[in-house]
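Open the model in a viewer and keep the selection panel at hand. The stops below go from chain contacts to single residues.

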Amino acid sequence: MNKEDLQQKITGLLPSASFEEASEWTTVTIDPAAWKDLAGQLRHTDGLDLDYLFCVTCVDWKTHFTMLYHLTSTIHRHTLVVKAKLDRNHPVIATVSDIWRTAEFHEREVYDLFGVSFTGHPDLRRLFMTDDWEGWPLRKDYEDPINMIKL
Amino acid sequence: MLEEISTTEQGDLVVNLGPQHPSTHGVLHLVITLNGETIKKVEPHLGYIHRSIEKMCESLSYRQFIYVTSRMDYLSSHINNHGCALCVEKGLQIEVPPRAKVIRVLMDELTRLASHQLWWGAMAMDVGALTPFFHAFREREAINDIMEETCGARLTMNYMVPGGVMIDLHPNFQRRTKEFIAFFRSKLAEYDELVTDNVIFKSRMEGVGYLSYADAISYGCSGPTARASGVSCDIRKLYPYEVYGDLSFEEPIGTGGDCYARYGVRMQEMRQSLSIIEQLIDNIPEGEFQAKTKAVLKLPKGEFYSRVETARGEFGVYIVSEGGMTPYRIKFRSPGFSNLSALDHMARGHKIGDLVAIMGTLDLVIPDIDR
Amino acid sequence: MDVEQKHTPDQPVPPSATVPPDSPVTPFPGEVHPTAGGGIVLSKLDEVINWARSNSLWPLVFGTSCCAIEMMSTAAAKYDWSRFGFEVARATPRQADVIIIAGTIVNKMAPVLKRLYDQMADPKYVIAMGACATSGGPFFYNTYSVVKGADHVIPVDVYIAGCPPRPEALLHALITLQEKIRSGATREQIKTNQE
């Protein structure tokens with residue numbers, strides 16, 4: 001379905017969602033507390049069938065974090081981008097690794113690099129860095145005078 | 001290193017495969033929990049080649065960051081660069097001239113062939129057939145020589161720029177590529193004789209590592225791994241870029257979902273790549289090879305996502321820009337990362353020899369996963 | 001070893017006199033004294049041992065990233081490195097002589113590299129292949145996880161520049177290592193001589 005229909009359907013599921021106009025895909029910003037329910041509905045509602053989660057990432061905006069989920073449907077071939085604003089001092093959001101199995105690794109990566117906690121994740125620990133690494137490397141205020149040589 | 005291994009039952013044996021191991025195609029550390037010889041759980045431990053590329057790209061300009069991606073999935077280096085260049089062009093609304101589009105597609109398909117050749121040789125070596133390795137590299141050298149004449153390097157070519165390609169094709173390119181196509185067609189028949197119909201190979205590959213259609217989608221698999229389970233996910237067909245929309249080629253979809261199906265899909269992909277190159281090699285349009293762009297590129301404020309089909313699957317580049325000279329955040333969606341997450345699911349109940357066969361057909365390149 | 005009969009039997013002939021100047025053959029070190037009924041070769045034991053060791057270096061299969069592909073190309077048929085004695089690439093460090101560090105070393109991998117190096121038996125040699133192993137390469141600035149040069153972890157004998165270096169460059173480095181061993185200049189040999 002096209003962008004407008006998708007917007008209507010999502011507003012029907014979650015009235016508090018807000019949309020961005022100037023992007024190539026339907027982009028919806030939601031409250032993090034509503035993510036788990038919405039995710040289940042996005043996956044299982046007929047007509048939406050967003051079964052392919054192809055990108056999970058986080059952006060550090062210095063005042064807050066934004067979690068981004070890129071979803072597409074292999075049946076209807078429409079794409080949806082979900083954004084959720086997180087509090088920078090206590091970034092917590094529900095996991096979706098039981099809905100889309102690919103989220104397990106992606107969420108571990110976001111935890112490792114940004115420090116976002118995913119409640120309900122089966123195995124939340126560091127993925128790339130060593131287990132005793134201190135700090136969240138991809139945050140904008142990460143300082144590492146020993147390892148990082150600035151140009 | 002304080003590595004936590006999840007709890008095991010009594011009688012279980014925990015074995016480390018890697019990080020230094022000839023079959024892991026890089027530095028992949030697998031912690032395997034075994035019950036006798038049967039695998040109960042496979043845990044990949046990543047990070048042994050995590051080079052903090054995403055952080056590094058936040059301080060590189062839009063022209064510079066493209067070439068770091070060559071080093072990520074080094075077997076599809078042109079295709080990775082292509083994805084980055086497409087994202088920058090999307091942000092700046094640059095129109096690429098037709099000649100550059102065709103050159104880019106030709107280079108992409110040659111790279112895909114080279115990557116599949118190396119995959120074939122290395123995978124056969126993993127399951128025990130040592131000779132195909134040398135056959136594969138002999139043909140790969142032919143492609144490397146063609147690339148080297150035009151681009152100047154054999155492995156990390158640094159050829160794509162936002163707006164086109166860096167330099168025009170070498171005059172010998174057309175002739176040598178045509179010779180290569182004829183040469184390689186005959187070799188593909190040889191590959192089938194050597195490996196595909198081999199009884200031992202088939203018994204090692206058939207029925208091993210089954211991935212169902214629903215699981216392939218849920219785990220986010222893409223590329224030949226997903227196509228062998230029946231998922232139609234070729235970016236070149238679904239979201240055509242450059243001239244792929246005008247070409248006629250098939251997307252090989254397998255039905256088995258096991259290692260042999262993944263193998264068959266890649267062999268068919270090699271044939272399709274040859275057919276794409278044949279369609280284009282005589283029809284390269286004249287004209288500019290690079291669009292005129294400013295010296296210093298600054299993307300407008302916003303977010304841009306572009307995707308290409310590498311030899312392993314969907315490679316996505318997501319740029320968040322604040323209007324400056326360097327990107328604010330870059331995320332590379334690598335195909336191997338999602339393909340690897342399905343490894344545990346596929347390998348349970350098999351033996352370690354089967355695990356090596358499964359990893360061979362997943363075609364993992366670990367720097368692509370670790371970034 | 002053929003010896004030309006143009007000289008008097010008393011004067012020794014170095015084997016290199018019978019070998020053309022640009023031949024790739026490395027002659028057996030020592031002097032040949034032709035005597036009645038055959039010949040005697042006089043040499044230093046150290047030189048003979050170094051010659052034997054240099055011609056049979058077995059590399060360890062250790063490639064982390066892109067340089068590993070060029071290393072595999074060097075092992076393949078076109079730029080065959082087994083012509084120089086590097087025939088068998090061993091998977092276990094206990095049986096290997098030389099470790100070719102092909103690729104970037106990161107903080108998580110450094111203890112693994114050190115452990116592999118420690119597991120190798122003496123005499124062992126190290127080649128740092130590519131810009132990443134030499135100095136951190138393209139990942140020198142603004143990275144928090146890359147070791148800026150493999151020689152922070154283990155001592156290196158030969159460095160190769162390039163990203164990735166061509167197979168011919170790797171072959172040149174292998175030959176340089178062989179010459180270094182023959183002349184007794186590797187870290188290993190200097191350490192042994194000092195003890």
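This is a predicted model: local features need pLDDT of at least 70, side-chain atom pairs count only at pLDDT 80 or more; totals for chains, interfaces and linings use all residues.

Across their contact, 29 residues of chain C meet 27 residues of chain B. On the chain C side, colour α2 (67-75) and α3 (110-119), each of which supplies at least two of the residues that touch chain B. By class, that side of chain C comprises 18 nonpolar, seven polar and four charged residues.

Next, show chain A together with chain C. Eight residues from chain A and eight residues from chain C form this contact. The side of chain A that touches chain C has four nonpolar, two polar and two charged residues.

Now hide the other chains and stay with chain B. Select helix α3 (residues 98-126) and helix α4 (residues 131-151) of chain B, whose axes are 8 Å apart and which pack at an angle of about 160°. Angles over 145 degrees count as roughly antiparallel, so α3(B) and α4(B) are roughly antiparallel to each other. Their crossing is left-handed. To see the contact itself, display side chains on both helices: among those of α3(B) are B:Leu110, B:Leu113, B:Trp120 and B:Met125, and among those of α4(B) are B:Phe133, B:Phe137, B:Ile143 and B:Met147. The residues of this contact divide into 15 nonpolar, three polar and two charged.

Move on to strands β7 (residues 314-321) and β8 of chain B, which run antiparallel and are joined by five bridges. One pair to pick out is B:Val320 with B:Arg329, its bridge partner in β8(B).

Is β8(B) mostly covered or mostly open? Strand β8 (residues 329-333) of chain B is mostly covered, with five of its five residues buried.

For the last stop, select B:Met325, in the loop between β7 and β8 of chain B. Is B:Met325 buried or exposed? With 12 other C-beta atoms within 10 Å, B:Met325 is exposed, because a residue with 12 or fewer counts as such. Leaving aside residues up to four places away in sequence, B:Met325 touches B:Ser61, B:Val296 and B:Lys298. Finally, draw a distance from B:Met325 to B:Glu54: their C-alpha atoms are separated by 16 Å, and the two residues are 271 residues apart along the chain.

Conventions:
Residues are numbered from 1 along each chain as its sequence is written. Chains are lettered from A and ligands numbered from 1 in the order in which they are written. Two residues are in contact if their C-beta atoms, placed from the backbone, lie within 7 Å. Helices (H or I, at least four residues) and strands (E, at least two) are DSSP runs, numbered from the N terminus. Ala, Val, Leu, Ile, Met, Phe, Trp, Tyr, Cys and Pro count as nonpolar, Asp, Glu, Lys and Arg as charged, and the others, Gly among them, as polar. A residue is buried if 20 or more other C-beta atoms lie within 10 Å of its own, exposed if 12 or fewer, and partly exposed in between; C-beta atoms are placed from the backbone. Two strands pair if DSSP finds at least two bridges between them. Axes are lines fitted to C-alpha atoms, for helices over the stretch in contact, and angles run from 0 to 180 degrees between N-to-C directions. Angles under 35 degrees count as roughly parallel, over 145 as roughly antiparallel, 65 to 115 as roughly perpendicular and the rest as oblique. A crossing is left-handed if the near helix is turned anticlockwise from the far one by less than a right angle, and right-handed if clockwise.
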